[in-house]
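Me: I have a structure open and would like to go through it with you. Could you help me read it?

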Amino acid sequence: MLGIVLVAPFDRDTRAVDRVTGGRGYGHVAIAGGELDEDGRILVVDASTLTRCVSRRPLRDVLWGAPFRVLPVPAAEDVYARALERLGEPYDFRALVGFKPRSGYWTCSGLAHACLGTAERTKVRPWRKGWSVAPNDLA
């Protein structure tokens, strides 16, 4: 599996993200790069309020049973590699509640957007000027 994983809302926080950013059915984003763990589980990279940072974890731990779709992106392996370079960087709680995103801090969709190639990044516009890109913007 390679690409941007768009996850349907599965809890209060992800339902709020979906509702506030257009209500198109997505509340979380992860990046899949074709990597498997030692048990054969698909690994993804995401920024989450749960882990409080950018982390690599099994896809099932990201989904919580929610429906998802994978958005293919050009050079997905490169997108995943750029995400891996950010492992451990902190989650941006301020951007989640509407403040301007901070450099070196990430939301799930801000991370995915930043890891895209330049051509793909220019195609995605934030749901509100000056705000972080949201999951629905990537859909």
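Me: Let us start with Arg102. Is Arg102 buried, partly exposed or exposed?

Reply: This is a predicted model. In it, Arg102 has a relative accessibility of 31%, so it counts as partly exposed.

Me: Which residue does Arg102 form a salt bridge with?

Reply: The partner of Arg102 is Asp92, and the closest N and O atoms of the pair are 3.4 Å apart. The two residues are 10 residues apart and link distant parts of the chain. Arg102 lies in the loop between α4 (93-96) and α5 (108-115), while Asp92 lies in the loop between α3 (76-84) and α4.

Me: And Asp92, buried or exposed?

Reply: Asp92 has a relative accessible area of 1%. Buried means under 20%, so Asp92 is buried.

Me: How many salt bridges are there in the whole structure?

Reply: A search of the whole structure finds seven. Among them is the one between Arg12 and Asp13, with the closest N and O atoms 3.9 Å apart. Another joins Asp61 to Arg60, where the corresponding atoms are 3.7 Å apart.

Me: What about the accessibility of Arg60 and Asp61?

Reply: Arg60 is exposed, with a relative accessible area of 55%. Asp61 is partly exposed, at 32% relative accessibility.

Me: And for Arg12 and Asp13?

Reply: Arg12 counts as exposed, at 65% relative accessibility. Asp13 is partly exposed, with a relative accessible area of 36%.

Me: Which residues are linked in a network of salt bridges?

Reply: Asp37, Asp39 and Arg41 are linked in such a network.

Me: Changing topic: what is the volume of the largest pocket?

Reply: The volume of the largest pocket is about 600 Å³. It is lined by 32 residues, and those closest to its centre are Asp13, Val17, Gly27, Tyr91 and Leu96.

Me: How do the lining residues divide into nonpolar, polar and charged?

Reply: The lining of the largest pocket has 18 nonpolar residues, 10 polar residues and four charged residues.

Note on methods:
Residues numbered from 1 in each chain as written. Predicted model: local features only at pLDDT ≥ 70, side-chain atom pairs only at ≥ 80, totals over all residues. Heavy atoms only, no water. Salt bridge = Lys/Arg side-chain N within 4 Å of Asp/Glu carboxyl O. Buried < 20%, exposed > 50% of the residue type's maximum accessible area, 1.4 Å probe, protein only. Helix = DSSP H or I, 4+ residues; strand = E, 2+ residues; numbered from the N terminus. 1 Å grid on protein atoms, 1.4 Å probe; cavity = no way out; pocket = protein on both sides within 12 Å on 5 of 7 lines; lining within 4 Å. Points joined across faces, edges and corners; volume = space filled by probe spheres on them. Nonpolar A, V, L, I, M, F, W, Y, C, P; charged D, E, K, R; others polar.
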